[in-house]
Amino acid sequence: MPLLPILRYPDPRLHKVAAPIPAVTDALQPLIDDMFATMYEAKGIGLAATQVDVHQRLIVIDTGDETPAPLVLINPDITWASPERQKGEEGCLSVPGIYDGVERSVAVTVTALDRHGNPQTIEAEGMLAVCIQHEMDHLMGKVFVEYLSPLKRNRIKTKLLKEEREEQLNAPSAKGRY
Ligand code: K2U
Ligand code: ZN
């Protein structure tokens, strides 16, 4: 299964709003598998299709530690979010090396279709609830740094753009060109 390139902030494509998936078909299955492979390889516990430049409402999650607990959420909808909220440190595969506090509901209920097109309702709390809210933001074109101050966000943007430029300069194709 090929690993998919993960868009890196501040790529504008991360701010596209994902469209509902009209039907769960066999054609969707390779993308779901490739997203899981990409997420596991990147040592993430969640991945939204937006992050691999597919702007459809699809999320894969696995918050399982030793025992895998893969979850596929197609056309997810948060039907309830607890009024109780808590601030926790978050990272993001699209914002490498950056971690900061974000306030989230401590529990959510989400309805979605599974990879076979069957409806599912998940009552989540803890890390799973945080991950679901983080991924749902991605489908709405929102990255967790948008909860931070403009000063912090601009510093992160500058840092990642600088790293991107350095990587491009050090890329093998750029060596020995002149
Ligand atoms: O969307 C992503 O980039 C995946 C995130 C999901 C996530 C963010 C914050 C809190 C929980 C989940 C990545 O998994 S970030 C890396 C990571 C790995 C283990 C635990 C927390 C974060
Ligand atoms: Zn993320």
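1. Overall size. The radius of gyration is taken over C-alpha atoms, and the globule rule is 2.2 Å times the number of residues to the power 0.38. For the 178 residues here, a compact globule would have a radius of gyration near 16 Å, and the protein chain, at 17 Å, agrees with that. Along its principal axes the C-alpha trace spans about 55 × 40 × 35 Å.

2. Basis of the values. This is a predicted model, in which local features need pLDDT of at least 70 and side-chain atom pairs count only at pLDDT 80 or more, while totals for chains, interfaces and linings use all residues. Side-chain values use heavy atoms, with hydrogens and water left out; residues are numbered from 1 along each chain as its sequence is written, and chains are lettered from A and ligands numbered from 1 in the order in which they are written.

3. Secondary structure. Helices (H or I, at least four residues) and strands (E, at least two) are DSSP runs numbered from the N terminus. The protein chain has three helices and seven strands, and along the sequence they follow the pattern α-β-β-β-β-β-β-β-α-α.

4. Burial, surface and contacts. Buried means under 20% relative accessible area, exposed over 50%, and partly exposed in between (1.4 Å probe, protein chains only). By that rule 43% of the 178 residues count as buried. Accessible areas come from the Shrake-Rupley method with a 1.4 Å probe, and for residues only the protein chains shown count as cover. The accessible surface of the protein chain is about 9900 Å², and 55% of this belongs to carbon and sulfur atoms. With contact meaning heavy atoms within 4.5 Å, residues 24 or more positions apart account for 65% of the contacts that have a separation of 6 or more.

5. Cysteine 92 is buried at 10% relative accessibility, and histidine 134 is buried at 8%.

6. Surroundings of histidine 134. Leaving aside neighbours within four places in sequence, histidine 134 is in contact with Glu90, Gly91, Cys92, Arg104 and Phe144. Its C-alpha atom is separated by 10 Å from that of isoleucine 59, which is 75 residues apart along the chain.

7. A salt bridge is a side-chain nitrogen of Lys or Arg within 4 Å of a carboxyl oxygen of Asp or Glu. The count by this rule is eleven. One of them joins aspartate 33 to arginine 115, with the closest N and O atoms 2.9 Å apart. Aspartate 33 is in helix H1 (residues 29–41) and arginine 115 in the loop between strand E6 (107–113) and strand E7 (119–125), so the pair ties together parts 82 residues apart in sequence. Aspartate 33 is partly exposed, at 28% relative accessible area. Glutamate 103 and arginine 85 also form a salt bridge (2.8 Å, N to O). Here glutamate 103 belongs to strand E5 (residues 100–105) and arginine 85 to strand E4 (residues 85–90), so parts 18 residues apart in sequence are tied together. Glutamate 103 is partly exposed at 44% relative accessibility, and arginine 85 is partly exposed at 44%.

8. Lysine 152 and aspartate 100 meet in a salt bridge at 2.8 Å, N to O. This pair links distant parts of the chain, with lysine 152 in helix H3 (residues 150–170) and aspartate 100 in strand E5, 52 residues apart. Lysine 152 is partly exposed at 39% relative accessibility, whereas aspartate 100 is buried at 18%. Separately, Arg8, Glu164 and Glu167 are joined into one network by salt bridges that share partners.

9. Aromatic pair. Rings of Phe, Tyr and Trp (its six-membered ring) pair if their centres lie within 6.5 Å; planes under 30 degrees apart count as stacked, over 60 as edge-to-face and the rest as tilted. The whole structure holds one such pair. Phenylalanine 36 and tyrosine 40 are stacked, 5.9 Å centre to centre with 20° between the planes. Both residues lie in helix H1, four residues apart, about one turn of the helix. Phenylalanine 36 is buried at 8% relative accessible area, and tyrosine 40 is partly exposed at 40%.
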